[in-house]
Amino acid sequence: MKTFSKIRILSLIVGILIALPVSMVGQDGFALPDGTTKDKIDFELVNNLVVVPVTINGTEFSFLLDTGVNTTILFGLSQEDTLQLNNASTIRIRGLGEGGSIEALKTENNKVTIGNAIDEDHTIYVIFEQSLNLSPRMGLPIHGIIGYDFFKRFIVKTDYTRKRLTIYDPEQHTLKVCKRCSVLELSMYENRPYVDIEVFKNGSPISTTMLLDSGSSDAIWLFDETIGITESPKNYFIDFLGLGLSGNIFGKRSKLEEISFSDFTIKDVNVSYPSLEALNDINFYKDRKGSIGGDLLRRFTVTIDYASKRLLLKKNSTFNDKFHYNMSGLTVEHEGISVIREERKVDNSKGGASISVENDGSFQINYRTVFDFILVPRYIVAELREDSPAALAGVEKNDEIISINGRPAYKYKLYEVVALFSSEEGKRIKLQIERNGVKFIKKFDLKEVL
């Protein structure tokens, strides 16, 4: 049976754990052309996540490259981009979030291309749930995620500073350990990679097994609140952590005094603790205590070799960057578009008219005003942290942001807004917002939450 569907943009801001049986995933997968031993693929880095171009049955998409998933997933259906999907059947799957299982379409025998790597017989799972549309919070089109199906076939090097993947054929390439690289052993469980690190509590190390999850934008997730959380003094705040396959994920955010792995020690690391409701019915690797995500991985050049179960890390220029939380309390998303009128001046002399000659012999070129009507993104306050600087200044959920520090909001990319709100404690923010047709000015200073 062939299914012809239209795929809508959907995206992810946290790692997704898909509860699919391993038996549903086995396929030989990608290969480079004969005579090719490696390939380089440029990517976009958005909110610490790697976004790669992917072609499915001749149609181009953008996917998150996610070590935390064991299969390839497309999100949602709409009336926009036509895509042929082959050999379809309906299943139900479960992921992180406070809802239950959701319906998906399993499709087989699809041709998928990433760079020069091609898989002629690829299985894809299509998610119908429209509430999973996270592209508005990414600010660019994200159509799905790909993980184990890609990583199992190659040695994959992710250079976060140059925004480039290099993939090597493991049969033609020997993984070399550079002088400044550290090697960690990986454990594989249900086609996902795990690594052991030490988390420090009151100066004492606690050994933890962590999922290597490049599809999570956070630094660290932990499932055991006794590691790090205290009530006196209170060292955490409640926050919206993101959206998983099974709904919203809420939890606590805090700081770890220190983590250590191989030759690396990192202090004051951001950590999130998802609520127990978000973890219901998820089968975890028996020793797993959490996840390592993009805000930590981006500080390295990361090379993953699934075949030899090895992870190579080399510090890059961002290694010593401080970990910041959103200091405004605002979660902003792209919601629809607006039509605006922009004014510009046109030199009438180019049309052979409107040149005035003055008495002193000088001349003046007259300009005329032209108005352009353009489509621009609308930015909406999607979430608002209680007692945050923005909330105390009077910003409310669903407010539209018109300008930020005097600059029209549409001239920012969404990831630039996110970076601004996490940039510098004490930085003054001036928002022009619109609520129920009325415009307001709201001012506040960014403030560290911990």
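1. Throughout this note, a residue is called buried under 20% relative accessible area, exposed over 50% and partly exposed in between, with a 1.4 Å probe and protein chains only. By that rule F261 is buried, because its relative accessibility is 6%. The model is predicted, so local features need pLDDT of at least 70 and side-chain atom pairs count only at pLDDT 80 or more, whereas totals for chains, interfaces and linings use all residues. Residues are numbered from 1 along each chain as its sequence is written, and side-chain values use heavy atoms, with hydrogens and water left out.

2. Aromatic pairs. The structure holds 13 aromatic pairs; rings of Phe, Tyr and Trp (its six-membered ring) are paired if their centres lie within 6.5 Å, and the planes count as stacked under 30 degrees apart, as edge-to-face over 60 and as tilted for the rest. F261 and F264 form a tilted pair, with 5.7 Å centre to centre and 55 degrees between the planes. F264 is buried, with a relative accessible area of 6%. F264 also pairs with F300, edge-to-face, at 4.9 Å centre to centre and 70 degrees between the planes. F264 lies in strand β21 (residues 264-274) and F300 in strand β23, so this pair ties together parts that are 36 residues apart in sequence. Both F264 and F300 are buried. Strands here are DSSP runs (E, at least two residues) and helices are likewise DSSP runs (H or I, at least four), numbered from the N terminus.

3. One aromatic cluster is formed by F30, Y148, F150, F151, F154 and Y306.

4. T158 lies in strand β12 (residues 155-159) and counts as buried, at 8% relative accessibility. With neighbours within four places in sequence left aside, T158 is in contact (heavy atoms within 4.5 Å) with F43, V50, R164, L165, F300, T301 and V302. F300 is thus a contact of T158 as well as a ring partner of F264.

5. Salt bridges. A search of the whole structure finds 18 salt bridges, each defined as a side-chain nitrogen of Lys or Arg within 4 Å of a carboxyl oxygen of Asp or Glu. One of them joins the side chains of R435 and D399 at 2.7 Å, N to O. R435 lies in strand β31 (residues 428-435) and D399 in the loop between α4 (389-392) and β29 (400-404), so the bridge ties together parts that are 36 residues apart in sequence. R435 and D399 are both buried.

6. The side chains of D321 and R298 meet in a salt bridge at 3.6 Å, N to O. The pair links distant parts of the chain, 23 residues apart: D321 is in the loop between β24 (310-315) and β25, and R298 is in the loop between α3 (294-297) and β23 (300-305). D321 is partly exposed at 34% relative accessibility, whereas R298 is buried at 16%. Salt bridges that share partners join D295, R298, R299 and D321 into one network.

7. R192 and E190. These side chains meet in a salt bridge at 3.7 Å, N to O. R192 is buried, with a relative accessible area of 5%, and E190 is partly exposed, with 27%.

8. Surroundings of E225. E225 is placed in the loop between β18 (220-222) and β19 (237-244) and is partly exposed, at 31% relative accessibility. Neighbours within four places in sequence aside, its contacts are K252 and Y273. E225 and K252 are 27 residues apart in sequence and 8.9 Å apart in space, C-alpha to C-alpha.

9. Nonpolar surface patch. I337, V339, F373 and L375 make a nonpolar surface patch of about 460 Å². The elements that give two or more residues to this patch are β25 (330-347) and β28 (367-384). F373 is found in strand β28 and is exposed, with a relative accessible area of 60%. Patches are made of residues with over 30% relative accessible area and no salt bridge; like charges are joined within 9 Å and nonpolar side chains (Val, Leu, Ile, Met, Phe, Trp, Tyr) within 5 Å. Accessible areas come from the Shrake-Rupley method with a 1.4 Å probe, and for residues only the protein chains shown count as cover.
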